[in-house]
Amino acid sequence: LSRLLQAPGFQTFSEAAMVHLLHGAIAVQIQEDDILFEEGAAGDAMFFVLAGSISLRLGEKEVENVKSGGIFGEMGMLEAKPREARAVAEETSVLLKVQHDMLQAADQEFRAIFFELVSRVLVRRLRSTNTLLRQQ
């Protein structure tokens, strides 16, 4: 638990929040080149990358490579809308799957930490998108 708390992406979690996360989430292992979800699939969960890396793709273009400590799938989960991208394992990867229901059942502390983390990720992705648009 202490090693996980020190990983990038998990540093905002308190120990109590991390226990809640681990208690309510599901560990998933996928092999290299496995597709976790396709564009347009239901977005009912998000994922923390514990080990490995996941390529997020629009068509054949990679828009982001999410490595250990990163998260993805949060937009679909939070909005309950179809996935915007396809998620493909770049290597054997271990993920922590967080269902929307688990987040709804969480206490205020966990939700505050969770939304701070997601906000930081979304801001970083928006800045990256803005940079790409400026280069076109």
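Q: Why is aspartate 34 called partly exposed?
A: Buried means under 20% relative accessible area, exposed means over 50%, and partly exposed covers what lies in between (1.4 Å probe, protein chains only). Aspartate 34 has a relative accessible area of 33%, so the residue is partly exposed. Aspartate 34 sits in the loop between β1 and β2 (35-37). The model is a predicted one: local features need pLDDT of at least 70, side-chain atom pairs count only at pLDDT 80 or more, and totals for chains, interfaces and linings use all residues. Residues are numbered from 1 along each chain as its sequence is written, and side-chain values use heavy atoms, leaving out hydrogens and water.

Q: What makes Glu32, Asp33, Asp34 and Glu91 a negative surface patch?
A: A patch takes residues with over 30% relative accessible area and no salt bridge, joining like charges within 9 Å (nonpolar side chains, Val, Leu, Ile, Met, Phe, Trp and Tyr, within 5 Å). Asp and Glu count as negative, and the place of the charge is CG of Asp or CD of Glu. Glu32, Asp33, Asp34 and Glu91 together form such a negative patch.

Q: Why does aspartate 33 count as exposed?
A: Relative accessibility is 56% for aspartate 33, so the residue counts as exposed. Aspartate 33 is in the loop between β1 and β2. Its phi is near 75 degrees, a positive value in a residue other than glycine.

Q: Where else is phi positive in a residue other than glycine?
A: Alanine 80 has a phi near 55 degrees. Alanine 80 lies in the loop between α3 and β7, and with a relative accessible area of 63% this alanine is exposed.

Q: How do you know whether glutamate 60 is buried or exposed?
A: The relative accessible area of glutamate 60 is 68%, so glutamate 60 is exposed. Its place is the loop between β4 (53-58) and β5 (61-67); helices (H or I, at least four residues) and strands (E, at least two) are DSSP runs, numbered from the N terminus. The C-alpha atom of glutamate 60 is separated by 9.2 Å from that of arginine 86, 26 residues apart along the chain.

Q: What makes the contact of arginine 86 and glutamate 38 a salt bridge?
A: A salt bridge is a side-chain nitrogen of Lys or Arg within 4 Å of a carboxyl oxygen of Asp or Glu. The N to O distance between arginine 86 and glutamate 38 is 3.8 Å, and their side chains meet in a salt bridge. The pair links distant parts of the chain, 48 residues apart: arginine 86 is in strand β7 (residues 86-89), and glutamate 38 is in the loop between β2 and β3. Arginine 86 counts as buried at 12% relative accessibility, whereas glutamate 38, at 39%, counts as partly exposed. The structure holds seven salt bridges.

Q: Which parts does the pair of glutamate 64 and arginine 124 tie together?
A: The side chains of glutamate 64 and arginine 124 meet in a salt bridge at 3.0 Å, N to O. Glutamate 64 lies in strand β5 and arginine 124 in helix α5 (residues 108-135), so the pair ties together parts that are 60 residues apart in sequence. Glutamate 64 counts as buried at 15% relative accessibility, and arginine 124 as partly exposed at 44%.

Q: How do you know that glutamate 74 forms a salt bridge with arginine 125?
A: The closest N and O atoms of glutamate 74 and arginine 125 are 2.4 Å apart, and the two form a salt bridge. Glutamate 74 is in helix α3 (residues 74-79) and arginine 125 in helix α5, so this pair ties together parts that are 51 residues apart in sequence. Glutamate 74 and arginine 125 are both buried. Salt bridges with shared partners join Glu64, Glu74, Arg124 and Arg125 into one network.

Q: What makes β1 and β6 edge strands?
A: The open sheet has four strands in the order β1-β8-β3-β6, with antiparallel pairing. β1 (26-30) and β6 (71-72) each pair on one side only, and these are the edge strands.

Q: How do you know that β1 and β8 pair?
A: Two strands pair if DSSP finds at least two bridges between them. β1 and β8 (residues 93-99) have five bridges and pair in the antiparallel sense. Leucine 95 in β8 is the bridge partner of valine 28. Strand β3 (residues 45-51) is joined to β8 by six bridges, again antiparallel, and phenylalanine 47 has lysine 97 in β8 as its bridge partner.

Notes. Areas by Shrake-Rupley, 256 points an atom, 1.4 Å probe, with all protein chains shown as cover.
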